[in-house]
Amino acid sequence: MKHVVLKWCCLFTMLLAALPLCAQTPSTPTTTPSVSEKLSQLDQRVTAAQSSADNAWMLVSAALVLMMTGPGLALFYGGLVRRKNTLAIMMQSFMLMALISVLWALVGYSLCFGGNGPVIGGFEHAFLRGVGADPNPDYAGTIPQSTFMIYQLMFAVITPALITGATAERMKFSGTVLFLTLWFFVVYAPLAHMVWGKGGFLNAALGGKFPTLDFAGGTVVHISSGVSALVCALYLGKRTGFPKQPMPPHSLVLSFIGACLLWVGWFGFNAGSALASNALATSAFIATHFATAAAALSWSLAEWIKNGRPSALGAISGAVAGLVAITPAAGFVGPMPALAIGFIAGLVCYWMVTKVKAIFGYDDALDAFGVHGAGGTIGALLTGIFAQQVINPIFGAGKRVGGLDGHWGQIGNQIVGIAIAWGFAIIGTIVLLKITDMITGVRVTEEQEIEGLDVTQHGEEAYYLES
């Protein structure tokens with residue numbers, strides 16, 4: 001009996017131990033992703049990471065280019081004028097930051113990058129319609145079109161602001177606002193579309209008839225503004241007292257700071273024009289820096305030989321000349337050609353500012369033509385010589401790009417682009433100045449000019465100095 005009880009106890013214990021195992025349900029077998037699914041997921045993550053990196057770089061670049069206008073150009077020009085005109089010239093740069101931004105949002109972006117016409121865009125993106133988070137594969141396939149739009153806006157802002165260097169100290173503020181509004185639509189928008197827009201007559205990447213190499217704005221920005229500046233200077237006439245009365249810069253310290261800000265901001269201007277955070281952006285960054293350094297040295301060297309000493313004004317002017325000249329070439333040339341372009345530009349622009357200006361006697365107050373018009377022209381020509389497909393195969397893999405590749409015909413395309421930019425700037429500026437003169441007038445009176453534009457145009461003074 002005792003053994004029977006023990007036997008039943010052991011059996012009962014075993015049953016209790018087995019109950020949890022019986023209660024468990026069999027697990028559902030897991031599905032292992034296939035190799036193709038894993039590769040697809042990996043590709044999606046890589047694409048998202050690339051888009052985020054490119055977008056971050058382009059937003060930073062947009063901010064850098066805006067910094068070129070204010071405070072960069074505002075300080076650079078502000079220090080070069082006489083004290084009584086400091087606020088007036090700075091106000092012009094600041095006002096254009098606001099004015100062009102509004103015009104760009106309404107219709108400017110659409111005219112530059114909408115449609116596919118040979119000369120001007122359409123109205124498909126008027127009021128920024130359709131400009132959102134989705135990329136525009138025609139221009140920048142890895143960033144939102146809204147990022148591309150805001151980046152290109154900053155180019156449109158600084159371009160007309162450069163012209164104010166030639167009209168400084170004698171042009172009405174009302175005339176400046178009206179003229180540069182018209183100039184944006186008649187000169188800048190068509191050139192921007194022709195060079196950078198889809199179907200543009202000069203577009204090198206999207207099937208233009210005369211593919212002009214202009215990576216970041218040698219023709220669109222610097223030739224257009226520099227040549228227009230010369231026309232404005234001739235139309236307005238000389239400042240009262242020029243050239244007999246000395247008109248030295250009132251604060252080279254301001255100009256020095258402005259030039260340094262321009263140098264830094266220009267990396268967004270040129271390297272940002274790669275439209276991605278890639279090796280091409282790095283190459284453009286390097287070319288920009290080396291060309292600027294070489295131009296600052298060559299201008300200073302020429303001044304040293306002529307005058308027995310280099311000046312701070314000469315050094316910073318040379319740096320800006322180098323920045324201008326490398327702009328069309330930045331994404332097409334290596335470091336050594338960049339040094340050559342900068343060195344040549346420094347000498348050419350120095351000659352334009354010190355010799356040519358004196359020979360013809362025009363009053364380009366802050367040398368907008370001597371630096372931007374001449375520098376942009378020489379830079380565009382040298383781009384055709386030094387561009388290489390190993391840096392940027394813009395015409396397709398294995399296809400020659402510039403003279404160093406053996407494609408000397410590209411110089412002809414560059415000349416066509418330069419001629420069109422000069423023509424648009426000259427004719428457009430003359431017509432628009434006539435229209436502006438009839439509506440608001442373009443030049444202040446002699447009394448207002450003598451008193452200074454700060455007081456007569458804005459009722460303020462840059463400096464209140466105690467006696």
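Helices (H or I, at least four residues) and strands (E, at least two) are DSSP runs, numbered from the N terminus. The model is predicted, so local features need pLDDT of at least 70 and side-chain atom pairs count only at pLDDT 80 or more, while totals for chains, interfaces and linings use all residues. Residues are numbered from 1 along each chain as its sequence is written, and side-chain values use heavy atoms, with hydrogens and water left out.

**First stop: Gln414**

Select Gln414, which lies in helix 12, residues 410–439. Is Gln414 buried or exposed? Gln414 counts as buried because its relative accessibility is 0%; the term buried means under 20% relative accessible area, exposed means over 50%, and partly exposed lies in between (1.4 Å probe, protein chains only).

Next, display the side chain of Gln414. One of its polar atoms lies 2.9 Å from the backbone oxygen of Ala380. A polar contact is a pair of N or O atoms within 3.5 Å; within protein, one must be able to donate a hydrogen and the other to accept it, and residues adjacent in sequence count only if both atoms are side-chain atoms. Neighbours within four places in sequence aside, Gln414 is in contact (heavy atoms within 4.5 Å) with Pro211, Thr212, Leu213, Ala380, Thr383 and Gly384.

**Second stop: Asn392**

Move to Asn392, in the loop between helix 11 and helix 12. Asn392 counts as buried because its relative accessibility is 12%. Apart from neighbours within four places in sequence, Asn392 is in contact with Phe215, Leu280, Gly331, Phe332 and Val401.

Select Ser255 in helix 7, residues 252–270. With a relative accessibility of 0%, Ser255 counts as buried. Its side chain reaches the backbone oxygen of Phe76 at 2.9 Å. Not counting residues up to four places away in sequence, Ser255 touches Leu75, Phe76, Gly79, Leu80 and Ile316.

In soluble globular proteins, nonpolar side chains tend to be buried together. A nonpolar core is a set of buried Ala, Val, Leu, Ile, Met, Phe, Trp, Tyr and Cys residues joined through side-chain atoms within 4.5 Å. Which residues touch the most other members of the largest nonpolar core? Among its 122 residues, they are Trp104 and Tyr188. Helix 4 gives the most to this core, with 13 residues. Centre the view on Trp104: leaving out residues up to four places away in sequence, its partners include Tyr109, Phe113, Leu128, Met149, Phe184 and Tyr188.

**Fifth stop: the pockets**

On a 1 Å grid over the protein atoms alone, a cavity is a set of points where a 1.4 Å probe fits but cannot get out, and a pocket is an open set with protein on both sides within 12 Å along at least five of seven lines; lining residues have an atom within 4 Å of a point. Grid points are joined across faces, edges and corners, and a volume is the space filled by probe spheres set on the points.

The largest pocket has a volume of about 840 Å³. To find it, select Leu313, Val353, Lys357, Ala365 and Asp367, which lie nearest its centre among the 36 lining residues. Helix 10 supplies the largest share of this lining, five residues.

The second largest pocket holds about 650 Å³ of space. Of its 29 lining residues, Tyr139, Ala205, Phe215, Ser273 and Leu275 lie nearest its centre. Helix 4 provides the largest share of the lining of the second largest pocket, four residues.

**Last stop: the cavities**

How many cavities of 30 Å³ or more does the structure hold? There are two. The largest cavity has about 50 Å³ of space, and the residues that line it include Met68, Phe76, His222, Trp266 and His372. Helix 2, helix 4 and helix 7 each give two or more residues to that lining.

The second largest cavity has a volume of about 30 Å³. Select its lining: Val81, Asn85, Ala88, Ile89, Gln92, Ala168, Glu169 and Leu453. Helix 3, residues 86–113, contributes the largest share of that lining, three residues.
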